[in-house]
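Subject: Structure handover, aromatic contacts

Hello,

Here is the structure for your files. Notes on its aromatic contacts follow below.

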Amino acid sequence: MTTFLTYIASGLAVGASFALIGSGFVVVHRVTNVVNFTQGTLTVLGGLISYSLLSMAIPHGLGEVAAVLIAAVAGLLVGLVTLSRPGTPAFVALLVTLGLSFLGTAIIILVWGQNPVSPPGIEGSIAFGSVSIESQRVLIVVVTLAVFGAMWLFFERTDLGRAMSAAASNQRAARLVGIDVRRMGLAAFAIAGALGGLAGVLLAPTLPLSVYSDLPLALSGFAAAVFGGLSSPGRTLIGAMVLGVSGQLVAGYINGSFQTQLALVMMLVVMIARHRSLTTEEAK
Amino acid sequence: MLHIRDLVVTYGAATALDGVSLDVEAGEMVALVGPNGAGKTTTLNAISGVVPTASGTIENGGRSAQVPEGRQLFADLSVDDNLRLGAWRMPRRDRNTERVYAVMPDLRPLRRQRAGLLSGGQQQMVAIGRALMARPDVLLIDELSLGLAPLIAARLIEHLREINRDEGTTILLVEQEVDLAFDLCSRAYVIEAGRVVAEGPTDVLRADPQLAAIYLGTAMTRSETP
Amino acid sequence: MRRLAPYIPIAAFAVAALVVPLLMRDLTFVMQTVLSMIVVVGLSLFMGYAGQASLGHAAFVAVGALTVAVLCRQLGLPPVVGLLAAPVIAGIFAVAVGAPLLRLRGHYLAFGTLAVLLLVQLVMSTVPLFGGGVGIMGIPPLLPGGQLGYVYLAIAVLVGALVVSQHLVDSRFGRGMRALRGSETAAASSGVPVLRSKIQVFALSAVFAGFAGALSAFFIPYVSQDSFPPSKSFEYVIMAVVGGLGSLWGGIVGVLVISVLLQTLNFLSTMPGLPATAGPTLQFAGYAVVLVVVLLFLPNGIVPSIQSAWRRRRARLVPTNAG
């Protein structure tokens, strides 16, 4: 029983990081209709930067926050290039972000090489009844839930958040009311960068990240976002948790190396099953 | 208040407006009527700055806000959020939505509802309210009655009359239902194929049988039914 | 005579291609280039007409190679059977994948094909029949003699692919596909069966890819899950985009440009004074710069841009009747 609960717990932690990556996809897609292929690269970047900062004896907390901010700036740069020509179809924009992810890969290899690294996280573990869970994993879940709460507050209760939701909902009307839709798109990319970077920062202590982690992370995050139809952060969170937990259960009881692939199968099943409601649309 | 001279607007090779001139004085309510595709929406869009002009001048003595064709609400957001966003260009402290509920109290119980779930008439009120939030001197309204039952449209016309009377807001109304537009407005311009083909006080235009037959079809039929 | 005009460049290309292998020392490089061309000609056609990106197209190459490996090595069937079965299996696989995914918005197909590629890799690394992680070695040869025979066979397949593609472009189907490119709603209302056409082009591109995979399995008689990684898939997409989507020669030009670029970067990275990571860094940076620059400044790709520039120049030189 305790093993089962341990798997659930680590599944929730992994799922939480998928949820952060997935919500990055959702924010950008809702506001700009673009699927941001650099989401995985931004996640890895966040983890690696926090590793470097902490190795340079920058204190805990500060190093992680700095890494997230740098990832947000990186996200903003991606947005600047991707949205640089108004009227770019979504198909082309996806390929632009693909190209930018290669650039990210090149930079990562140049600075950090190709080997996985893992920064120190929070030591120790917390006991929940008979189950003992690593503190880092608890941290991931707590921070993720807090961030999702903050995102909800941001989009529902602040004027900027409302403006971004408006740009997502009706671009024409947003322009009419005076909202700078392009700036909202850039803000979305910056937020996605922060979300991805945060996922990387939280994950890296438990799961060593390297330049090759970007694709599995992006795919897992995208799979979670697919559960939410690429538009609902709430359902992305649920989907991510389901993916994370089922992945850990499979890893524990059947075989350890299939987590990403299980997520992919579930993603394909969802995409195929929901194809009636996810039909083709013109790019915004 | 609003003075347009020889306005030309092109979309690529097509000319949407071919030298349109019109004037709207402060506090007036003027109608812009004509067949589909005549350039009525384009005129409003040019005034709002949403489409670029090829030549001609637009003199706008005050702030204008547009109530677009088809409402164009933020469907996923609440009524209150929709209204609040109407004041996006205003400083933060001026984004209080109470003013709109005072003018259109029917919206107050709906304030938390998702705008996309409202009826056509309610959505139109939200669209007008959103425009009012910008404290405009000129209200540009595109197809007020589209898809609405006559009773509801008439009710909205009453709201507009109040707004004009109480706030002195100038109104330029584009409308298919000519009867409705002429009930509210004292003057009108008839536009066809990008040009103004007739203008004048609405009672004069109404009485002209030729005009009525060609452009104001509904007006003619209405006055014929017993 | 007009109907044969488009095929003349193909014939010229075939003749030139016959000479090249005799001049080059590195036949492996030639073979890989030709195989990439086979894949990218199909991919470019699909992406150009369907307006969707297939990020996992290497999956169909892998399926082709795996078919040969399994049928010929594991099951002992004659090599020719493997060669002919591979494209068919790849095509069927594409229909199975494409039928649901092509209805969806473009990014679903992009990620969906990528997912399929990773799943194919997974299956290859776990199922013993498909290599079980170590791969399948010792695939029996298709042709006697050395590498040269395979290179010429590949060139023959490439020329065949070009002929088939050209025929498709000129046919009624091709016209329908071009209408699709302009506007899906307009095409649909003029009777073009949108979804079915997309699936057909997708399947055709998979058939080409499967053929290339089969040839590569015979050329280097070892197939494993690492033979066709996602980076290869991305490379195909970059080649297609750079050359020009929906254009036959775009695929050829794109492959040449990227192959030459990679060789140059590879050479540069071995120069003294550069860190060990220079190789992959330059490679990815090269991919990135070329892709982003082309997408933003030459969005139609090299070949179509040259074609339209040429047409504009001719229009200026030829006096118009209107005066």
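I start with A:F25, which has a relative accessibility of 1% and therefore counts as buried, the cut-off being under 20%. Please keep in mind that this is a predicted model.

Over all chains, the count of aromatic pairs comes to 16. In one of them, the ring centres of A:F25 and A:F222 are 5.4 Å apart and the planes stand at 80 degrees, so this pair is edge-to-face. A:F25 belongs to helix α1 (residues 2-32) of chain A, while A:F222 belongs to helix α9 (residues 214-227) of chain A; the pair therefore ties together parts that are 197 residues apart in sequence.

A:F222 has a relative accessible area of 0%, so this residue is buried. A:F222 also forms an aromatic pair with C:F111, and this one is stacked, with 3.7 Å from centre to centre and 10 degrees between the planes. Here the contact crosses between chains: A:F222 sits in helix α9 of chain A, and C:F111 in helix α5 (residues 106-126) of chain C. Both A:F222 and C:F111 are buried.

These residues are part of a cluster linked by ring pairs. Its members from chain A are A:F25, A:F37, A:F102 and A:F222, and those from chain C are C:Y108, C:F111, C:F234, C:F284 and C:Y287.

One item concerns chain B: B:R130 lies over the face of B:F74, at 5.2 Å from the ring centre.

Regards

Methods
Residues numbered from 1 in each chain as written. Chains lettered and ligands numbered in written order. Predicted model: local features only at pLDDT ≥ 70, side-chain atom pairs only at ≥ 80, totals over all residues. Heavy atoms only, no water. Phe/Tyr/Trp six-rings, centres within 6.5 Å; stacked < 30°, edge-to-face > 60°. Helix = DSSP H or I, 4+ residues; strand = E, 2+ residues; numbered from the N terminus. Buried < 20%, exposed > 50% of the residue type's maximum accessible area, 1.4 Å probe, protein only. Lys NZ or Arg CZ within 6 Å of the ring centre and 35° of its normal.
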